[in-house]
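Visitor: Could you take me closely through the aromatic rings of this model, and explain how the pairs are classed and where their residues lie?

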Amino acid sequence: MSKRKRKILYAITKSSWGGAQRYVFDLAQYFRREGNEVCVAFGCNEFGGKNIFKEKLEKEHIKTIEITSLGRDISFLKDIFAFFELLKIFKKEKPDIVHLNSSKMAALGALAARFAGVKKIVFTTHGLPFLEDRPFWQRQILKFFMFLSFLFVTDIIAVSKLDEIILKKWPFVKNKVKLVYNGINAPEFLDKKEARATLAARAGIKLPERAILWGTIAELTAVSYTHL
């Protein structure tokens with residue numbers, strides 16, 4: 001007996017290319033290739049210019065939906081519009097599963113998905129915002145609204161052991177929490193000389209023999225206290 005194919009809708013706040021977007025992209029392309037119907041809804045590309053996230057999804061023939069009123073910054077009026085946009089999307093698409101990513105998307109999307117009658121609502125927490133270096137009162141407000149969001153979802157995925165330990169202590173939430181580490185392909189390393197030549201070629205520069213190189217794989221994005 002063949003497995004029943006499902007319709008999965010992934011939703012994420014930002015569409016600028018970063019770790020959470022890569023996570024959604026990898027899942028979306030995998031489950032599409034497994035024969036499921038997949039679409040991805042997203043908000044702002046905060047850096048402007050070319051939307052790499054959208055381009056990558058469309059290259060894999062994955063349907064994309066832009067949520068025009070959804071941004072990363074807190075905006076009471078825009079967030080209300082974003083909620084109703086999400087509600088309209090969920091009612092139109094009728095997904096079997098909604099998979100929410102980012103704290104703000106959880107706050108708006110969990111309630112909208114419930115109102116739309118979605119049976120399976122999954123949230124992946126890519127870090128808990130109330131653990132960030134913020135004033136105490138802000139952390140308490142964030143914790144409260146995250147707790148409310150968690151009440152509306154059916155499953156919570158923690159990507160770190162710390163997040164799992166914290167959330168397992170919350171009432172009405174702990175039984176929903178599952179720890180699933182991010183999977184990666186085994187890296188292939190270049191030797192030092194080849195790596196320097198490759199980096200110089202990609203950057204279009206000539207490196208002095210004694211030049212010291214350093215880099216990062218992180219998304220270098222400023223985070224203000226108004227962000228979720």
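Guide: In this predicted model, F145 has a relative accessible area of 48%, so this residue counts as partly exposed, and F144 is likewise placed in the partly exposed class because its relative accessibility is 47%. The structure holds 11 aromatic pairs. One of them joins F144 and F145, whose ring centres lie 5.4 Å apart with the planes at 75°, and because an angle over 60 degrees is the criterion, this pair is edge-to-face. Another pair is made by F150 and W170, with 5.7 Å between the ring centres and 45° between the planes, so that this pair is classed as tilted. F150 belongs to helix α5, which covers residues 136-152, whereas W170 sits in the loop between α6 (161-167) and β7 (177-179), and the pair therefore ties together parts that are 20 residues apart in sequence. As for accessibility, F150 is buried because its relative value is 0%, and W170, with a relative accessible area of 11%, is buried because this value falls under the 20% limit.

Terms used
Residues are numbered from 1 along each chain as its sequence is written. This is a predicted model: local features need pLDDT of at least 70, side-chain atom pairs count only at pLDDT 80 or more; totals for chains, interfaces and linings use all residues. Side-chain values use heavy atoms; hydrogens and water are left out. Rings of Phe, Tyr and Trp (its six-membered ring) pair if their centres lie within 6.5 Å; planes under 30 degrees apart count as stacked, over 60 as edge-to-face and the rest as tilted. Buried means under 20% relative accessible area, exposed over 50%, partly exposed in between (1.4 Å probe, protein chains only). Helices (H or I, at least four residues) and strands (E, at least two) are DSSP runs, numbered from the N terminus.
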